[in-house]
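Work through the exercises below with the structure at hand. Try each task before reading its solution.

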Amino acid sequence: MAQAEITGDTMRTADGVPLKLALERALFRSRLRAVMLVLPLFAFLLVTFVLPIFDMLFRSVEDQIVADILPRTVVAIEAWDETSGDLPGEPVFEAIVKDMAEGRKNKTLGRVARRLNYEVSGAASLFRKSGRKAPKITQGPYREKLLKIDKRWKNLDLWNLIKREKGDFTASFFLAAADMQYQPDGSIGMRPENRQIYVHLFGRTLWLSGLITVLCLLLAYPVSYLLATLPLRSGNLLMILVLLPFWTSLLVRTTSWIALLQTQGVINSFLVGIGLIDDGDRLQLIHNQFGTIVAMTHILLPFMILPLYSVMKTIPPSYMRAARSLGATPFTAFVKVYMPNTVAGVGAGGILVFILAIGYYITPALVGGRTGTLISNFIASFISGSTQNWGLAAALGVMLLAIVLALYFLYDKIVGIDNMKLG
Amino acid sequence: MKRLLGSTSLALVAAFAMTASAQAVDLTFVSWGGAYTASQQKAYHDPYMAANPDVKIINDDSSAEGLAKLRAQVEAGNVTWDLVDMVAADAITACEEGLVEEFDPDELLAMAPDNTPASKDFIPGSLNPGDTNCYIPLIVYSTTFGFRTDMVGGTAPTTIADVFDLKKYPGKRALEKKPIGNIEWALIADGVPGEKVYEVMDTPEGIDRAFARLDTIKDSVIWWTKGAQPPQLLADGEVVMASAYNGRLFSAIAEKNQPIGMLWDWQVFDLDGWVIPKGTKNLAEVKKYLKFGTDTQRLADQAKFISYGPARASSAPLVGNHAELGIDMKPHMPTDPNNAKTTLNFDYVWWADHRAELDERFNAWLAK
């Protein structure tokens, strides 16, 4: 223990260092030690979690395919006036013939064809067909020869698209994710109505997630109250009943809901058996929105019960007794004294369930049918299905992330994030 | 000391040489899992491993995400797969993007027993879908309809129009949740001759017409996404009829004795087969395997375990009885003349062009 002595009005340690400084140094050292201890974990998270996510999200705006694979064309097309209504000139056609010949040799033409086909249907086969013949065109007139191979090269939309996407970055994935597109004149407008989908799906995802959160809260509140107030032994037994489904595989729980809810399933057969409904008009309880709501509410329920329970467990029973002894009715005491004390658990459970629900995709894919699928189902199919469009998947993902963050800040403003208690 | 060092290093060199010569090779083959991988295991992998004890074949059931994962592996320069099972449409994409090896089929694949070269023996065009040279087709499968024999009243449905006829056959149907196939069937049900379907689909009015026809049954459809769903929906009595892969229906009918009948009218033919990932570390071993795995007998053997038609002409006469049930497999093959009276060849090129646009429209239509 360093001995402090007083010199003037600064306290110093035995070796003459001001005490304040020595203290700061000691604190810094302990902080450094703490940081060093978590550093491996931090580095691990950065490499395996943060960086890959940002790399994936970055694909929503990054788009170098056109510039990389059609390098001559993007230079030559600079001189073309897209407002003139004319086809690009001979130099542009010469450039694209050479680019296609090289792209075919390097096996890169397929990528640019797929990219352009997202926005101009038919670009895929156009490039495939022309790419096969491009190496044979060694001299002009290039425009005439290419138009002879396929007259779709007259399509100005295609040339507009190439000119627009020649840079390293693109907005078209975000536009697509918001049901918008570039119009022929270069302005931004909505897609044709029969192709608008994502805004509607975002709305549905938010609405269903909100509804599921509210349902979870309504169901979990009494259960958690019971768990928290029962004597330890029976409380623990009930807790196991809550946790058992929680530990069961997600797929198993989802398929059991199918067995229960389908038209020939347990519930319908029971209702028919007791004569409540006719065999002819069994209820459609699954492969629709109802199925998604029921199955997801059940699956997410423990995430609401556990935070609520942990908060309720810490509320001393004496609070309620005090309220009662001061003249409150049981109802008033519950609403005025008990409920405000559980806000932290409600907030934590609500946020947890909502955020999990908004990104759910296995359950809605299996039981959601036509009206109960969520935006994540589309993100998943754009990542790994046969319609691969990682740019669009990333754009939808960024928008989902932005919505979640916005709601999080809204929650912070209204309730305060410090009030949250997760366990 | 010097002698000791010398002898040790000699021993080391010898040890290395030994391990190199007797080195076991692990080959990772990617397929669809379930009954399909099992049929490949029994027809191809097991006999090959029996003949080559130093080779171990590991199955990876990732074909549903095959193209995406393959692209990620090639992009990252770390290819861990040696052979990937894909449908032809994905193989075209993979080949065009340089993700898989190109090859000369007559050099790589086995000849028929009568010395017909592979390029003449495989189904015409199947080795070169979309003018690519990367595909080793194994089977022809079809997407077709099954119906509940006990739920269709007295008369079994016989045409694709019956699927779209709610008056004649009330009840739910199961269809795959994608436009491919459904658009074609809707048009045929609406009176378009099968051979003109893609011509009609080339016009915006044709697509409108298909959606209008689908509209008439929209509320009576359960949309499936995984191949295992439709046989289950049929078995549970959830739907009266369902589109499904014919092998899945066969297994429900023959192996599980479900009251399901086949409706082969305008079945959609497609191919399934292998591609060799570019950058596989065991290319030589894979080539050796392929010489064995693609021969006439092997392809015919796969049909003993699952009702998909072999992609080689010379294999067809060798298709015999089911290995466990003993029933004749020929009448269950999609290529059997009785089943293949009306068939639709899936047009890869048309769908490659219109998939993105029509998926959007289809999904928007579904959501409303």
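**Exercise 1. Count the helices and strands of chain A, then judge how spread out the chain is.**

Step 1. Chain A has 20 helices and 4 strands. Helices (H or I, at least four residues) and strands (E, at least two) are DSSP runs, numbered from the N terminus.

Step 2. The radius of gyration, taken over C-alpha atoms, is set against a globule rule of 2.2 Å times the number of residues to the power 0.38. For 423 residues the rule gives 22 Å, and chain A comes to 32 Å, well over that, so chain A is more spread out than a compact globule.

Step 3. Along the principal axes, the C-alpha atoms of chain A fill a box of roughly 100 × 95 × 35 Å.

A note on the model: it is predicted, local features need pLDDT of at least 70, side-chain atom pairs count only at pLDDT 80 or more, and totals for chains, interfaces and linings use all residues. Residues are numbered from 1 along each chain as its sequence is written, while chains are lettered from A and ligands numbered from 1 in the order in which they are written.

**Exercise 2. Find the domains of chain A and the distance between domain 1 and domain 2.**

Step 1. Domain bounds come from an automatic or database domain assignment. For chain A they are domain 1 (5–58), domain 2 (65–168) and domain 3 (199–419).

Step 2. The C-alpha centres of domain 1 and domain 2 of chain A lie 57 Å apart.

**Exercise 3. Describe the side of chain A that touches chain B.**

Step 1. Contact means that the C-beta atoms of two residues, placed from the backbone, lie within 7 Å. By that test, 29 residues of chain A meet 31 residues of chain B.

Step 2. Helices H5 (109–117), H6 (123–133), H10 (198–229) and H19 (375–384) of chain A each give two or more residues to this side. H5(A) gives the most, with 4 residues.

Step 3. Sort the residues of this side: 7 are nonpolar, 17 polar and 5 charged. Here Ala, Val, Leu, Ile, Met, Phe, Trp, Tyr, Cys and Pro count as nonpolar, Asp, Glu, Lys and Arg as charged, and the others, Gly among them, as polar.

**Exercise 4. Which residues of helix H8 of chain A are buried, and what do they pack against?**

Step 1. A residue is buried if 20 or more other C-beta atoms lie within 10 Å of its own, exposed if 12 or fewer, and partly exposed in between.

Step 2. In H8(A) (residues 156–164), Trp159(A), Asn160(A), Leu161(A) and Ile162(A) are buried.

Step 3. The buried residues of H8(A) pack against H2 (65–69), H3 (71–76) and H5 of chain A.
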